[in-house]
Amino acid sequence: MLSTKLSLCQINPIVGDIKHNFEKIISSIEKNIDSSIICFPELSLIGCPPEDILSYPYLIQEQYQYLEKLKSYSRDKIIVLGFVNFENAIYNSAAIIENNNIWIYNKVHLSGVFDEDRYFKSGEHILIIQTSEGIRIGVTVSEDIWYPTEPLQTLIVNGVDIVINISASPYHVMKPFSRENMLKVRASDYSVFIVFCNLVGGQDEIVFDGTSSVISNYGRTIARAPSFKEYHLDCIIPLEELKLAKLGNIRKKISNSKDLFLNLQCKTIKSEVSIAKNMDYKNNEIYDFLTAEEEIFQACVLGTRDYIVKNNFKKVLVAMSGGIDSSLVTCIASEAIGPENVLGISMPSMFSSSHSIEDAKELAKNLRINFEIIPIIKIYDSFIDSLNDIYTKFGSLDFSIAEENLQSRIRATIIMTLSNKFGHLVLACGNKSEMSVGYATLYGDLAGGFAPIKDLYKTEVYRVSRYYNSKNKVIPERVFIKPPSAELRPNQVDQDSLPPYEILDPILQLYLENNLSPYYISQKLGLDVEFIKKIIRDIENAEYKRRQAPPGVKITPRSFGKDRRLPITKKII
């Protein structure tokens with residue numbers, strides 16, 4: 001049967017390391033040498049997002065010598081990959097390499113997520129490759145496929161059979177599912193095959209999930225790669241299926257549409273490359289979507305691993321309190337780089353319960369990580385004695401938040417000193433609920449180089465931990481049932497300062513991710529509006545703390561950082 005074989009190579013590049021990325025691309029081509037079309041993600045040659053490294057012209061120029069080297073691999077195939085193109089302006093582009101030629105398509109719709117309009121100019125041309133069999137292939141980049149109008153309309157009017165979309169689509173919870181549904185709508189609306197090749201890997205706070213796929217002209221998924229791992233997805237499509245895709249009615253529908261065209265110029269390249277081969281048809285791989293908890297955990301693992309490895313760390317250190325947050329972070333670290341590379345430190349004070357030390361120790365034993373106990377009581381007493389000697393007024397005042405936070409800052413000093421001495425990266429254990437309302441100590445529990453669960457609400461921390469424990473049973477059951485506590489004063493629990501997380505988290509989600517007013521939130525949740533206003537004031541007053549927190553994996557549609565840019569000094573409620 002005459003068919004064509006495509007390979008979607010969802011690779012994990014390093015931003016700026018063009019030589020490394022090129023070698024990864026070459027390795028992928030050599031492993032898929034029998035494929036007629038080989039796709040790589042958006043900006044796969046330079047890495048994504050490149051941000052201000054685009055101000056270094058030599059890096060942009062360096063790409064072209066590697067593109068030239070790819071020509072020799074294109075005599076009997078079409079290779080599509082993302083790079084940064086310079087033509088009197090900088091473009092986010094796709095290189096289409098076939099039969100020793102390089103053709104370039106410049107992305108039309110720029111991403112707001114990555115501030116692309118700060119760096120790139122929008123493209124104004126459409127490119128179609130026509131194979132020797134007459135199969136017409138259009139190439140788009142990332143956001144181009146999200147718009148139901150252009151550039152898809154121009155491609156369809158000009159008779160394309162396959163739309164290739166190379167992408168660097170960042171992850172948030174359940175996005176792989178919703179994104180593929182969008183691709184199905186595009187494919188069925190325009191009766192066209194869509195080949196979606198997505199980036200995978202962690203880049204600072206962003207995680208790219210991969211989950212590349214091929215969608216038929218009927219809007220049916222015929223191939224899907226796994227999420228959160230590098231993978232070469234092969235897909236065989238019988239040519240008869242491509243030829244049976246009838247576009248007449250679609251073109252008529254478009255011609256009657258009131259949607260405005262962008263007046264994009266279309267160029268068709270007639271290639272001598274044949275993509276038809278006699279091969280036995282076989283079922284393509286379709287990996288299942290993950291559950292929400294699986295997604296979140298795998299995203300945290302991948303984001304943490306890539307932050308560690310790409311920044312040349314070998315080992316990590318976690319301050320293990322015996323609570324749910326540090327337990328989950330320790331599990332993530334162990335999965336990310338192996339338990340032998342994780343050091344857990346328990347630092348009990350006079351307020352630490354015996355079960356906190358026991359639970360931390362049991363988790364460390366179950367995970368088989370390195371574990372040490374460093375009591376802080378003597379250090380704390382030394383601080384207090386010194387402060388009383390130097391500033392007598394200090395000792396005349398009652399025990400307060402100052403003494404509570406001192407314990408947290410002593411612990412931060414210990415773990416950062418160990419980090420400096422032995423080269424470990426410190427992983428902070430704060431969650432989004434605490435970060436939102438400022439229930440965190442500057443230069444204390446906020447200390448660290450990376451915060452894996454920074455974008456998980458506390459209730460999500462419990463759910464994800466339950467998921468992981470259902471597979472591995474390493475977190476002691478007592479960690480799940482005891483009230484969460486910072487243990488900085490006698491009999492302290494989080495609810496002394498915060499509402500129950502089951503009440504707090506829905507408020508935070510509605511305010512932070514939906515921008516809803518306190519009055520709407522009050523009506524929706526049936527809570528007192530003044531209570532809601534107090535929480536919102538706490539959120540806005542804590543902005544200065546969040547600015548000084550370490551980066552962490554983006555999980556929600558709107559994480560702290562680039563997704564939410566508010567001034568520190570303000571009065572909005």
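Where does Pro49 lie? In this predicted model, Pro49 is placed in the loop between β2 (37–39) and α2 (57–70), and the peptide bond that joins Cys48 to Pro49 is cis, with omega at about -5°.

## The surroundings of Glu150

Glu150 is buried and yet takes part in no salt bridge, since a salt bridge requires a nitrogen and an oxygen within 4 Å, whereas the nearest side chain of opposite charge, that of Arg186, is 11 Å away. What the side chain of Glu150 does make is a polar contact with the side chain of Thr154, at 2.9 Å.

His109 is part of the loop between β5 (101–106) and β6 (125–130), and its relative accessibility of 14% is the reason why His109 counts as buried. Along the chain His109 and Glu150 are 41 residues apart, while their C-alpha atoms are separated by 9.0 Å.

## Salt bridges

Side chains of opposite charge can pair when their charged atoms come close. Across the whole structure, a search finds 35 salt bridges. One of them joins Lys107 to Glu143, with the closest N and O atoms 2.7 Å apart. This pair links distant parts of the chain, as Lys107 is in the loop between β5 and β6 and Glu143 is in the loop between β7 and α3, 36 residues apart. Lys107 counts as buried because its relative accessibility is 1%, and Glu143 counts as buried because its relative accessibility is 18%.

Glu434 and Lys458 also meet through their side chains in a salt bridge, the N to O distance being 3.7 Å. Glu434 lies in helix α13 (residues 432–437) and Lys458 in helix α14, so that the pair ties together parts that are 24 residues apart in sequence. Glu434 has a relative accessible area of 10% and is therefore buried, and Lys458, at 3% relative accessibility, likewise counts as buried. A salt bridge is also formed by Glu68 with Lys71, whose closest N and O atoms are 3.0 Å apart; here Glu68 counts as partly exposed, because its relative accessibility is 45%. Beyond such pairs, a network of salt bridges links Glu540, Glu543, Arg546, Arg547, Arg564 and Lys570.

## Arg463 in helix α14

Arg463 is found in helix α14 (residues 458–472), and its relative accessibility of 41% is why Arg463 counts as partly exposed. The side chain of Arg463 makes a polar contact with the side chain of Glu293, at 3.5 Å. The C-alpha atoms of Arg463 and Leu328 are separated by 10 Å, although the two residues are 135 residues apart along the chain.

## The second largest pocket

Rolling a probe the size of a water molecule over the atoms shows where empty space is left. The second largest pocket has a volume of about 300 Å³, and its lining is made up of 17 residues, of which Glu51, Val113, Phe114, Ile206 and Lys562 lie nearest the centre of the pocket. By residue class, the lining of this pocket divides into 6 nonpolar, 2 polar and 9 charged residues.

Methods: Residues are numbered from 1 along each chain as its sequence is written. This is a predicted model: local features need pLDDT of at least 70, side-chain atom pairs count only at pLDDT 80 or more; totals for chains, interfaces and linings use all residues. Side-chain values use heavy atoms; hydrogens and water are left out. Buried means under 20% relative accessible area, exposed over 50%, partly exposed in between (1.4 Å probe, protein chains only). Lys and Arg count as positive and Asp and Glu as negative; His and the chain ends are not counted. A polar contact is a pair of N or O atoms within 3.5 Å; within protein, one must be able to donate a hydrogen and the other to accept it, and residues adjacent in sequence count only if both atoms are side-chain atoms. On a 1 Å grid over the protein atoms alone, a cavity is a set of points where a 1.4 Å probe fits but cannot get out, and a pocket is an open set with protein on both sides within 12 Å along at least five of seven lines; lining residues have an atom within 4 Å of a point. Grid points are joined across faces, edges and corners, and a volume is the space filled by probe spheres set on the points. Ala, Val, Leu, Ile, Met, Phe, Trp, Tyr, Cys and Pro count as nonpolar, Asp, Glu, Lys and Arg as charged, and the others, Gly among them, as polar. Helices (H or I, at least four residues) and strands (E, at least two) are DSSP runs, numbered from the N terminus.
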